[in-house]
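Here are my notes on the model, as numbered points. Have the structure open while you read, and click along as you go.

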Amino acid sequence: MLAWILRAVRLQSFSINTTHADEGQLRDVFWCSVIAIVASCQAVALPVGAAESQYQVGSARVDITPDYPVRMNGFLVRKEESRGVRQRIWAKALAIGDDTEGPLVLITVDNLGVPDEITHEVARRIGQSSKLRQERLAIAASHTHTAPMINGCAPNIFGAQIPPADQAHIDRYTQFFTDKLVEVGLAALDDRKPATMMFGVGKVTFAKNRRSATGPIDHELPMLVVRDLNGQPRSILVNYACHCVTLSESLIGGDWAGYAQEHIERIFPGSLAMVSIGCGADQNPLLGVQGDRFDIASQQGLEIACEVKRLADGPLQTVSGKINVQYSRIDLDLAELPSRQELEQKSKLDSAIGYHARVQLSKLDRGEKLRTKIDYPIQTWQFGDSLCMVFLAGEVVVDYAKRLKSEIPRASIWVNAYSNAAPCYIPSERVLSEGGYEGGSAMIYYDQPTRFAPGLEEKILGAVKQQLAR
Ligand SMILES: [Zn+2]
C-alpha cells in the first residue's frame, strides 16, 4: 500500500514537473498524497507507559529563516548570496527531565553545522537562566546545504575571500542564529510537562555510499516519539545517515530533512518534528545533487514521514530509567604539517587549494602556530538500559555507526553526527587510508592545515565505550 502511494506520488510529481507547474500546485500534490496516507492508515492507540517511565518533556520551535540575502554554506561553486526562500528553516528543541537532576536539551537545527564556540555560548546563556549544564546540551545540525553560512563552519568553503558586504550578512546571521538557539532551548525548558517516550527503528533506503557502489551504508531510521499522557504524539525525532544535498539552489530551505519535518507534522497534527543526521559523511541521496528539484527532496522527506507513521502505529520500546550523561573531549592528532615552502608553492594556485595555502601562510605571518590536533567533543546520554544516544562532532563516516551498533552489547544505540562542533570530516582508518574527499582533501574547506594522522577511529570509539561503561 505504502509502496503504491509512494509510486503514485513519484509519478504525479514527475508529470507535474515536466509541465512546469508552479510550486503551489506541486505542494498540493504532496498535501493530497499525505492526506491519502493518513486516511489509509488506521490510528492505533498505544498504551501509555508506566509511571517510572514518565519524564518531564518540553518542546519548542523558532523560525530561523533570514529575511535578507546571505551566503549559503556547503558548495564551493555557489558563490552568490541567497535569492529568496524555498522553505522556512527552523531551530527546534526537546527538553527532557526535571530540575532536581538537571534537564537535557537537544536542539536540532537546519544548518550545515554548528561550531564548538556557538555550542558553548548557547550552553552558557541557557545555563544563566536555567539549571542546564554544558554536558546536558546537544546541538545537532541537519547539514542542509541550502541554509545560511555561519562563522566558524567550513570557513574556506568558497576557496576565495568573502567580500566585506557578504561577510557583514554572515556576521549578522551568526548572531541571530546564536540568539535563536538560546531562545528555543529556553522555550523547550519552559514547556516541560509529564510525557512518555517510545523508541523504534525503521528503514529508509534513499541513501547510498557516495565513495563506492559497494561501500557500507546505514539505512536505519531510529525514531523517538514523545507522547502526552493521553497517548497523543507531541514531538517526534528521527535520525538518518545521509547528506542533505538534494538541493543546491540559491533559495533558503531545509532540503529533504526540512521536508521530512513538514510531512511528519502534517501526518501528526499538532506535533513538532525534528531531524538529526547519523554518520552520513560518505552517504548521499541515491539521485545525488539535483539543483532546484525540490519535488525530489520532498519525496525523500515523505519516505521518512511514511516510515515514521508505520513505526508509530506499531509496537515501540518504552524509554525508561535514570538519565546518565557523559561528556569528554579528546585530542585527535593531525598528520605532519606542511612546510612553509610547500604552502608557498601551493599558494600560487588559483584554486581552493591555493586559497587555503594563502590562509595558512597569513597565520604564520601573524606569528600564529598551525594546529597540530583537533579538540574533539564526545557526548552520550543513556536512558537506563533502554536507549543510548551518542553525539559525535563533525562529518562522521558510516563506519563509526556500524562499529558502535555491532560492538555495544546492549541498549539501542542511536548515533547523532554533525553535533556540537563542526571541525571537519571524521574519516575511519579505512577512509583515511583510502584518501579522497572524506579521507583528507576536504580538510581545506574546514581550514584545517592537513589531514588526520592514523589512530583517530580507535580513540573516538574508545572514548564512547568508556563513557558508556560509567
Ligand atoms: Zn558534508
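1. Let's start with a histidine. His145 sits in the loop between strand S5 (137–141) and H4; helices here are DSSP runs of H or I with at least four residues, strands are runs of E with at least two, and both are numbered from the N terminus. His145 counts as buried because it has 22 C-beta neighbours inside 10 Å. The cut-offs are 20 or more other C-beta atoms within 10 Å for buried, 12 or fewer for exposed and anything in between for partly exposed, with C-beta atoms placed from the backbone.

2. Before going further, a word on the source. This is a predicted model, in which local features need pLDDT of at least 70 and side-chain atom pairs count only at pLDDT 80 or more, while totals for chains, interfaces and linings use all residues. Residues are numbered from 1 along each chain as its sequence is written.

3. What does His145 touch? Not counting residues up to four places away in sequence, the list is Asn73, Gly74, Phe75, Leu112, Cys244, Val245, Leu247, Ser248 and Asp255. A contact means that two C-beta atoms, placed from the backbone, lie within 7 Å. The C-alpha atoms of His145 and Ile252 are 8.9 Å apart, although 107 residues separate the two along the chain.

4. Asp255, one of those partners of His145, deserves a click of its own. Asp255 lies in helix H5 and has a positive phi of about 60° without being a glycine. Asp255 counts as buried, with 33 C-beta neighbours inside 10 Å. Tyr418 is another non-glycine residue with a positive phi, near 50°. You'll find Tyr418 in the loop between strand S18 (412–416) and strand S19 (425–426), and Tyr418 is buried too, with 30 other C-beta atoms within 10 Å.

5. Now follow H5 to its partner. The axes of helix H5 (residues 255–267) and H6 come within 7 Å and cross at roughly 45°. Axes are lines fitted to C-alpha atoms, for helices over the stretch in contact, and angles run from 0 to 180 degrees between N-to-C directions. H5 and H6 are therefore oblique to each other; under 35 degrees would be roughly parallel, over 145 roughly antiparallel, 65 to 115 roughly perpendicular, and the rest is oblique.

6. Which residues join H5 to H6? On the H5 side they include Asp255, Trp256 and Tyr259, and on the H6 side Ala297, Ser298 and Gln300 are among them. By class, this contact has 10 nonpolar, four polar and three charged residues. Here Ala, Val, Leu, Ile, Met, Phe, Trp, Tyr, Cys and Pro count as nonpolar, Asp, Glu, Lys and Arg as charged, and the others, Gly among them, as polar.

7. Next pair: helix H3 (residues 116–128) and helix H4 (residues 164–190), whose axes come within 9 Å and cross at roughly 45°. That makes H3 oblique to H4, and their crossing is right-handed. Ile118, Glu121, Val122, Arg125 and Ile126 in H3 meet Thr178, Leu181, Val182, Gly185 and Leu186 in H4. The tally by class is six nonpolar, two polar and two charged residues.

8. How many residues are in the largest nonpolar core? It has 130, and Ala93, Val105, Val238, Cys279 and Leu392 have the most contacts inside it. Such a core is a set of buried Ala, Val, Leu, Ile, Met, Phe, Trp, Tyr and Cys residues joined through C-beta atoms within 7 Å. Its largest share, 10 residues, comes from helix H6 (residues 294–312). Leaving aside neighbours within four places in sequence, the contacts of Val105 include Ala93, Ile126 and Gly185.

9. Helix H9 (residues 398–407) and helix H12 (residues 456–469) pack at an angle of about 35°, with axes 11 Å apart. Tyr400, Arg403 and Leu404 of H9 make the contact with Ile460, Leu461 and Val464 of H12. Ile460 is buried, with 22 C-beta neighbours inside 10 Å, and its C-alpha atom is 8.8 Å from that of Leu392, 68 residues away along the chain.

Terms used
Left-handed = near helix turned anticlockwise from the far one by under 90°.
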